[in-house]
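These are my notebook entries on one structure. I set down below what I looked up, topic by topic.

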Amino acid sequence: MTFQALSVVSEVYPLIKTGGLADVAGALPAAVAPHGVELLTLIPGYPPVMKALAQPRIVHRFNDLFGTEASLVRGTASGLEVIALDAPSLFAREGGPYSDAKGADWPDNWRRFGALGLAAAEIARGILAEYRPQLVHAHDWQGGMAPAYLRFGEGHPVPSVMTVHNIAFPGWFPPEVFPALLLPPEAFTIAGIEYFGGVGFLKAGLQTADAITTVSPTYAQEIRSKELGMGLEGVIVERQDSVHGILNGIDTSTWNPSADTHLAVPYDAKALAQREHNKRAIELGFRLTAQGGPIFCVVSRLTSQKGMDVLVEAADALVAMGGRLAVLGSGDPKLETAFKAAAARHPGGIGVRIGYDEPLSHLLQGGSDAIIIPSRFEPCGLTQLYGLRYGCVPVAARTGGLADTIIDANEAALAAGVATGFLFSEVTPEGLIAALKRAVAAYGHREVWRSLQVHGMKADFSWKRSGRAYAELYKSLIMPRRSGRA
Ligand code: ADP
Ligand code: GLC
C-alpha cells in the first residue's frame, strides 16, 4: 500500500534552519519513502524557500487568508517535494523565521502560523485537484493549528499526527487573537485550544491530533512530569495511550565522515589517525595554541536549555585539568559575552566563534576529541548523534534523547566494550566537571579512547528504524478510517 501524507513545518534543512527540527523535517520524507509513504512538506514561503524552489508552480490562490493574499506554490528543492505558502505580507521579511533581526518575536506569529495550519487543513480537504494527502503530520507549535483546523472544520477530516520536538515552546497568544482564528466558539475551551487563558498552538495540536509523538522514548516519559511538561503534562498524561516516543535518526549522507567536504581530511573508523588533520585545522581556526590536551567542542544554541551557563562556570576547571575548548554557537547575549570572557581569560586554551556556521559545525565534529552537551532537558538532541558518528565522544547530561543514545563509560560498560560516551546526572558545574575529569582520564588511555570512538561510530542512528516506525503509525491511523468509511 502506498499513500500520501503532508508534513507541516516551519523549517526544513537545507532551505531554512535554526535547529534540529529542520534536520528532522528534511530527512523525514526519505525516511518514510521506502515504506510506501510519499511525504510532501508544507512550509512558509520565506525568501530563501521561494528562491530555492525549482520549477515553481502556483497550484492554488487564496483571495483572503487571514486578511492577506496568499498562494500555494509547488516545486522541488534539494530533492524535497515542497508546497510553499507564499504570503509575502506574512513571510517575506528580513530576519529569522520567528523573530526579527534583533531577536524579538514577530508580533503576528499567531497569524503567520495560524495561516500555515489553515492552509494545511484546506489542502487535506482537497483544494488541490492534483494532490490530496491522506494524513497530516504537524511539527511543534508552528504546525499545531493544522490538526485543530481539521478537527473543528467541516467534513470528514483526514487523521493527523502531532510531533513535539520541544514542549518548552508552547506558541501562546493572548485571548484577543481567538476570534481572528476563525474557529467555532467551542474550540476555545480547555478540551480545545484554550491554554492559560489564551490560545496555545502546541496545546491545540496535542488536543486535536489523532496521535502524538515526541522525539525520544525518555522524553515521552519526562513530559508527563510537572518539571518537564511545562504546563502541558496534563494533556500528555490524559492522552497517554496516543503518545509515542520515536527516536530521531540522522541523515547519514549529509553527516558522513568518510565523504564530508567540510572536513580538512575525511576518514572512517579504520583511519582515525586522519582526524588529526581536522584537529590541526580547529587549533588554527580557534587559536588553540596550548599544547597537547583533548579538544572539547560545543555546537549549540547558547541557552539555558542547553546548560551553557553551567559550562561557562566549569570552563576554568576544564582548562585547569588540561582540556581545551572550542565553542561554536549563538543565542543569549549574556552567555555569548560570558564565553568571550572565558576565552579572554584563557588565550590558547579556549576559542569562541559566535554565530551559525554549518561547515564549521562539521569540522568541529570531525576534529574535536569530545563534544559537551550539558542540557537541562533534551527532547532528542542531534549533535551527540553526529558526534558519535564522527568519533567525537559525547560528554552529556543524562536526560531525554541523550540518555537514550549514549552508553556511559562506567566500569561495566567499558569492560563489556560497549561504552560510547560520558553521562552525568546533576546539571551543575560540579556534575559537569566530574564528567569532564572522567573524560580527560580516559583520553589518557589510548586504547580506551579508541574503543569509545569506534563503538560510537559503529552504532546505527540512521533513519531506518524510525522511518518505519513513523510509516507504521501513519498506516495505523489511516486504515481504520478507510474501513470505517467503506
Ligand atoms: P536544538 O534543535 O534543540 O537546537 P539539536 O541537537 O536537535 O538541538 O539540533 C541542533 C542542530 O543545529 C544541529 O544540526 C547542530 O549541528 C546545529 N547547530 C546548532 N548551533 C549551531 C551553530 N552555531 N552553527 C552551526 N550549526 C549549529
Ligand atoms: C528540538 C529539540 C532537540 C531535538 C530537535 C529535533 O529542537 O530541542 O532535542 O533533537 O528538536 O527533534
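**Entry 1: the sheet with β13**

I began with strand β13 (residues 295-302), which runs parallel to strand β16 (residues 370-373) and is joined to it by 2 bridges. Strands here are DSSP runs of E of at least two residues and helices are runs of H or I of at least four, numbered from the N terminus; two strands pair if DSSP finds at least two bridges between them. I noted that phenylalanine 296 has alanine 370 in β16 as its bridge partner.

The model is a predicted one: local features need pLDDT of at least 70, side-chain atom pairs count only at pLDDT 80 or more, and totals for chains, interfaces and linings use all residues. Residues are numbered from 1 along each chain as its sequence is written, chains are lettered from A and ligands numbered from 1 in the order in which they are written, and side-chain values use heavy atoms, with hydrogens and water left out.

I then traced the open sheet of 6 strands, whose order is β15-β14-β13-β16-β17-β18 with parallel pairing. Its edge strands, each pairing on one side only, are β15 (350-354) and β18 (422-424). Neighbouring strands are turned by 15 degrees against each other on average, direction ignored. Axes are lines fitted to C-alpha atoms, for helices over the stretch in contact (heavy atoms within 4.5 Å), and angles run from 0 to 180 degrees between N-to-C directions. Helix α12 (residues 308-320) lies across β13, β14 (324-331), β15 and β16, at about 165 degrees to β13.

**Entry 2: strand β7**

Next I checked β7 (residues 160-164), where 5 of 5 residues are buried, meaning under 20% relative accessible area (1.4 Å probe, protein chains only). Ser160, Met162 and Val164 point one way, whereas Val161 and Thr163 point the other way. In a regular strand the side chains alternate between the two faces of the sheet. β7 pairs in the parallel sense with β6 (residues 135-139) over 4 bridges, and histidine 139 stands opposite threonine 163. On β11 (residues 211-214), which is joined to β7 by 4 bridges and runs parallel, alanine 211 is the bridge partner of valine 161.

**Entry 3: ligand 1**

Which element gives the largest share of the shell around ligand 1? I found that β13 does, with 3 residues. A side-chain N or O atom of lysine 306 is 2.8 Å from an oxygen atom of the ligand. Glycine 355 places a backbone N or O atom 2.8 Å from a nitrogen atom of ligand 1.

Key. Buried < 20%, exposed > 50% of the residue type's maximum accessible area, 1.4 Å probe, protein only. Polar contact = N/O pair within 3.5 Å; in protein donor to acceptor, adjacent residues only side chain to side chain.
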